[in-house]
Amino acid sequence: MGTPAHFPLILILIISSVSAQTLIRMLPHRPQRTGDGDLFCDSWRLSVETNNAGPWMTIPAECVAFVEEYVNGDRYASDSAVVAGDSLAFARTARIAGDGRDVWVFDIDETLLSNVPYYAVNGYGSEVFNDTSFDEWVLKARAPALSASLQLYEELQGLGFQMILLTGRAEAQRNATEENLLFSGYHSWKRLILREASDIGKTAVVYKSERRAELEAQGYRIHGSSGDQWSDLLGSPMATRSFKLPNPLYHIP
């Protein structure tokens, strides 16, 4: 197919000098308006959850009220419960050897713990992420549990799975993270893996893939993996089954 006559010259020059993958990183995601109000925002959320939207920095300005209602309402709880139910249905089919090597890997933020109280005073994803203010929130160690995830966590333990918690939080936040998990009802995890100094600068996909590879090298069998970001789940090696929880608040590559 030829280049349309109206195709911007500057974009042609850019494409000729960089790869398509690099171009995607350079250009901000601009969602196509296909409807008005909640109709558009609901379609945008679907695009985000299916990873069709690709990289994005903030939610569309017109969707703040929609996202606020979603994450504070019954739909978010219901969507999370359906994912937990699918996860448990798969887990019940797994063969557990009983040697302590059958594991389920969980992300933490927006997977086990909800940071909605933080985002409620920080624009519900409409503001560019602020590391400093989020780190201050983490140190408070008061993020509530996602109820569907807490129930799934306990049911998996009952089936004989060991819990591996693999988070993008930094090693310096270990004490606060452990305190928050216990405060929210989680207990008896096998490992809590956080980013070390050597992980600085790595994308979530690279960092988490490396940690899963280390677990497998140590003899663990990763049956399931739960996360709110595709970057929690993708990369090699992957779990036998991966389960994506809803999150329209932010994107992590």
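Buried means under 20% relative accessible area. The views below come from a predicted model.

**View 1. Gly-227, a buried residue of strand β4.** Strand β4 covers residues 221-227, and Gly-227 is found in it. With a relative accessible area of 0%, Gly-227 counts as buried because the cut-off is under 20%. Beyond its neighbours within four places in sequence, Gly-227 is in contact with Asp-107, Thr-111, Asp-232, Leu-233, Phe-243, Lys-244 and Leu-245. Take Leu-245: 18 residues separate it from Gly-227 in sequence, and the C-alpha to C-alpha separation is 5.9 Å.

**View 2. Helix α3, residues 37-49.** The helix has 13 residues. From first C-alpha to last it reaches 19 Å, close to the 18 Å expected at 1.5 Å a residue. Its buried residues include Phe-40, Cys-41, Trp-44, Arg-45, Val-48 and Glu-49. An α-helix has 3.6 residues a turn, so residues three or four places apart point the same way. Among the elements that cover the buried residues of α3 are α4, α5, α11 (230-233) and β5 (241-244). Asn-51 follows α3 and has a positive phi, near 70°.

**View 3. The second largest pocket.** Its volume is about 150 Å³. The lining consists of Val-71, Asn-72, Gly-73, Tyr-76, Ala-77, Ser-80, Ser-114, Ala-145, Leu-146, Ser-147 and Ala-148. Two or more of these residues come from each of α4 (64-72), α5 (74-91) and α8 (147-159). Helix α5 gives the most, with three residues. By class, the lining of this pocket has six nonpolar and five polar residues, and no charged ones.

Definitions and conventions: Residues numbered from 1 in each chain as written. Predicted model: local features only at pLDDT ≥ 70, side-chain atom pairs only at ≥ 80, totals over all residues. Heavy atoms only, no water. 1 Å grid on protein atoms, 1.4 Å probe; cavity = no way out; pocket = protein on both sides within 12 Å on 5 of 7 lines; lining within 4 Å. Points joined across faces, edges and corners; volume = space filled by probe spheres on them. Helix = DSSP H or I, 4+ residues; strand = E, 2+ residues; numbered from the N terminus. Nonpolar A, V, L, I, M, F, W, Y, C, P; charged D, E, K, R; others polar. Buried < 20%, exposed > 50% of the residue type's maximum accessible area, 1.4 Å probe, protein only. Contact = heavy atoms within 4.5 Å. Expected span 1.5 Å × (residues − 1).
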